[in-house]
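Please look at the sequence and the model first.

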Amino acid sequence: MITLGLGTTGAHADDSFIVVQSTTSTQNSGLLDSILPWFEAETGIDVRVVAVGTGQAIRNATNGDGDVLLVHAKAAEDQFVADGWGVQRHDVMYNDFVLVGPAEDPAGVAGGSDIVVALTTIADVEAPFASRGDDSGTHKAELKHWAATGVDLTGASGGWYRETGSGMGATLNVGAGMGAYVLTDRATWIAFANKAGMEVLVEGDARLFNQYGVILVNPEKHPGVRAESGQTFIDWLIGPDGQAAIANYKLEGQQLFFPNAQ
């Protein structure tokens, strides 16, 4: 069973369940609803998911509010482990980011495959752009691409550049409502119901690669971590059964995530 909301770990942990700090993309895409029943049926371990932006998920895990971290910002994940909060990081799966926007495409970026050129063009014409602005993995990726353009986002904030401070689905809703461009992970886009004249306009840039990783929260830092059950989940996720479950999840005939555990 998937439960949204913050779970805490006590000094005497109940290993019949674990709390996974994860991202809105794994939840909004329907992936976790699809694969977790397989794990729970095999192990009897209940998985309770806190679905927030990657930055918040890492902060929650650092505070000991969770047993496993499943997110998509590799540099931040590596730092989490280097700082001693996590035991070991494992690749799990990948997909990609895409730039979506109104079909009328006021910036004229449709069909492009260079995300930096597309963002530069959007800024040049001051076409509306909706950003999550929430320190999520998607937001971190977006800011990296904006940095490559040299555009002053501080000066643009509140004008053509709008920060929602919300998750991916909510930001896509804002984008659809105001005819704005949005950088989104492809899985959430495929699962998003309110496309409202929005289309994928830019894709295929190698810089839009989107890797997910999984980490056990360090029980030496937080003794209440359900380390045994958490490691069981990680081993399943990166093992044959979990990787098959990820590969088998499709929407509209499209595979949303591609397993690549080593």
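Ser131 counts as buried because its relative accessibility is 0%, where buried means under 20% relative accessible area, exposed over 50% and partly exposed in between, with a 1.4 Å probe and protein chains only. This is a predicted model, in which local features need pLDDT of at least 70, side-chain atom pairs count only at pLDDT 80 or more, and totals for chains, interfaces and linings use all residues. Residues are numbered from 1 along each chain as its sequence is written, and side-chain values use heavy atoms, with hydrogens and water left out.

Ser131 belongs to strand β5, residues 129-131. Strands (E, at least two residues) and helices (H or I, at least four) are DSSP runs numbered from the N terminus. The side chain of Ser131 has a polar contact of 3.1 Å with the side chain of Tyr161. A polar contact is a pair of N or O atoms within 3.5 Å; within protein, one must be able to donate a hydrogen and the other to accept it, and residues adjacent in sequence count only if both atoms are side-chain atoms. A polar atom of the Ser131 side chain also lies 3.2 Å from the backbone nitrogen of Gly133. Not counting residues up to four places away in sequence, Ser131 touches several residues, including His139, Glu142, Arg162 and Thr171; contact means heavy atoms within 4.5 Å.

## Helix α6

His139 and Glu142 are among the buried residues of α6, as are Ala141, His145 and Trp146. The helix has 13 residues (137-149) and should span 18 Å at 1.5 Å a residue; its end C-alpha atoms are 19 Å apart, which agrees. The expected span is 1.5 Å times one less than the number of residues. Just after α6, Gly150 has a positive phi of about 80°.

Asn210 lies in strand β9, residues 209-217, and counts as buried because its relative accessibility is 2%.

| Side chain | Partner side chain | Distance |
|---|---|---|
| Asn210 | His72 | 2.8 Å |
| Asn210 | Asn95 | 2.8 Å |

Beyond its neighbours within four places in sequence, Asn210 is also in contact with other residues, among them Met93, Phe97 and Asp185.

Thr24 lies in helix α1, residues 24-28, and counts as buried at 11% relative accessibility. Thr24 and Gly53 are 29 residues apart in sequence, yet their C-alpha atoms are 6.1 Å apart. Among the other residues that Thr24 touches are Arg132 and Met168.

## Cores and the whole chain

The largest nonpolar core has 29 residues, and Ile35, Phe233 and Leu237 have the most contacts inside it. Apart from it lies another core of 23 residues, including Ala118, Ala141, Leu153 and Tyr161. A nonpolar core is a set of buried Ala, Val, Leu, Ile, Met, Phe, Trp, Tyr and Cys residues joined through side-chain atoms within 4.5 Å.

The chain has eleven helices and twelve strands. Its radius of gyration is 19 Å, close to the 18 Å that the globule rule gives for 262 residues, so the chain is as compact as a globular protein of that length. This radius is taken over C-alpha atoms, and the rule is 2.2 Å times the number of residues to the power 0.38. Buried residues make up 53% of the chain.
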